[in-house]
Amino acid sequence: IMAGGGKNPTTVTCTETYNGTSWSTANTMITSNRGLSYGGTINSGMIIGGYAAPAGYNNQTELWNGTSWASTTAFPRNSYQGLTAGDNSEDTIHYSGYDAPAASSSVYHWNGTTWSIYPSMPVAVWAAGRGGDASNAFAVGGQTPTFQGTMQLFNSATPTCSTTPFCLATWSGAAPLITARGNMAGFGTQNAAAVAGGYTGTAVACTEEYNGTSWSPGGALIT
């Protein structure tokens, strides 16, 4: 599923779903947004934050049930090009993102109803690559505003914050990217990840693969 987006200064609400062969239109988002973050699946997803002209940066949160979008409790801060990790819209974390005038390191967990604070990231970034789930996520690269290669790993011993303030969660560092960059696609897990494309001042096609220890070059994007 793909939703929102646009090209400065315009933003859109359109939603499209992919069935393995082709794209088809679906019910639109409630709020027009670009630079939003996304998580979940085609049947249980969510979008957070973004930017919509002329209102600017926002903390809008919408849930997707496989058919339509619904507004829910707003994210605790504005977030532009932040990251969301989770397998459904009832267990996700949102981390990083731009909250004017700077990148934010704050992290929050969503349990389907409310947001709870998690331990902050070591390095505040936006436009990073991401992967994993709500218990074992990662952020790699991004901007501070300089382009970064840093890899940051999140690990939580329990999926909610109901009994402990910080969910017994921790952040740690890992091997950096070969090419520091932002605005890349990231996917995989903490032990088998990849990033592709991105921006270093110009658009790049390079791909890197992570084996749990280090990054190595992969096949470049076609475009």
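Are Arg181 and Glu208 buried or exposed? Arg181 is buried, and so is Glu208 (buried means under 20% relative accessible area, exposed over 50%, partly exposed in between, with a 1.4 Å probe and protein chains only). This is a predicted model, so local features need pLDDT of at least 70, side-chain atom pairs count only at pLDDT 80 or more, and totals for chains, interfaces and linings use all residues. Residues are numbered from 1 along each chain as its sequence is written, and side-chain values use heavy atoms, with hydrogens and water left out.

**Salt bridge**

- A search of the whole structure finds 1 salt bridge (a side-chain nitrogen of Lys or Arg within 4 Å of a carboxyl oxygen of Asp or Glu).
- The side chains of Arg181 and Glu208 form a salt bridge, at 2.8 Å from N to O.
- Arg181 lies in the loop between β17 and β18, and Glu208 in strand β20 (residues 207–210), so the pair ties together parts that are 27 residues apart in sequence.
- Strands are DSSP runs of E with at least two residues, numbered from the N terminus.

**Aromatic pairs**

- The whole structure holds 15 aromatic pairs (rings of Phe, Tyr and Trp, the last by its six-membered ring, with centres within 6.5 Å; planes under 30 degrees apart are stacked, over 60 edge-to-face, the rest tilted).
- Tyr57 and Tyr80 pair edge-to-face, with 5.4 Å centre to centre and 65 degrees between the planes.
- Tyr57 lies in strand β6 (residues 56–64) and Tyr80 in the loop between β7 (69–71) and β8 (83–88), so this pair ties together parts that are 23 residues apart in sequence.
- Tyr57 is partly exposed, at 32% relative accessible area, whereas Tyr80 is buried, at 14%.
- Phe154 and Trp171 form a tilted pair, with 5.2 Å centre to centre and 55 degrees between the planes.
- Phe154 is buried, with a relative accessible area of 0%, and Trp171 is buried at 13%.
- Tyr51, Tyr57, Tyr80, Tyr98 and Trp126 form one aromatic cluster.

**Largest pocket**

- A pocket is an open set of points on a 1 Å grid over the protein atoms alone, where a 1.4 Å probe fits, with protein on both sides within 12 Å along at least five of seven lines; lining residues have an atom within 4 Å of a point.
- The largest pocket holds about 820 Å³ of space (the space filled by probe spheres set on the points, which are joined across faces, edges and corners).
- Its lining has 37 residues, and Met2, Leu36, Ser37, Tyr38 and Arg130 lie nearest the centre.
- Strand β4 gives the largest share of the lining, 4 residues.
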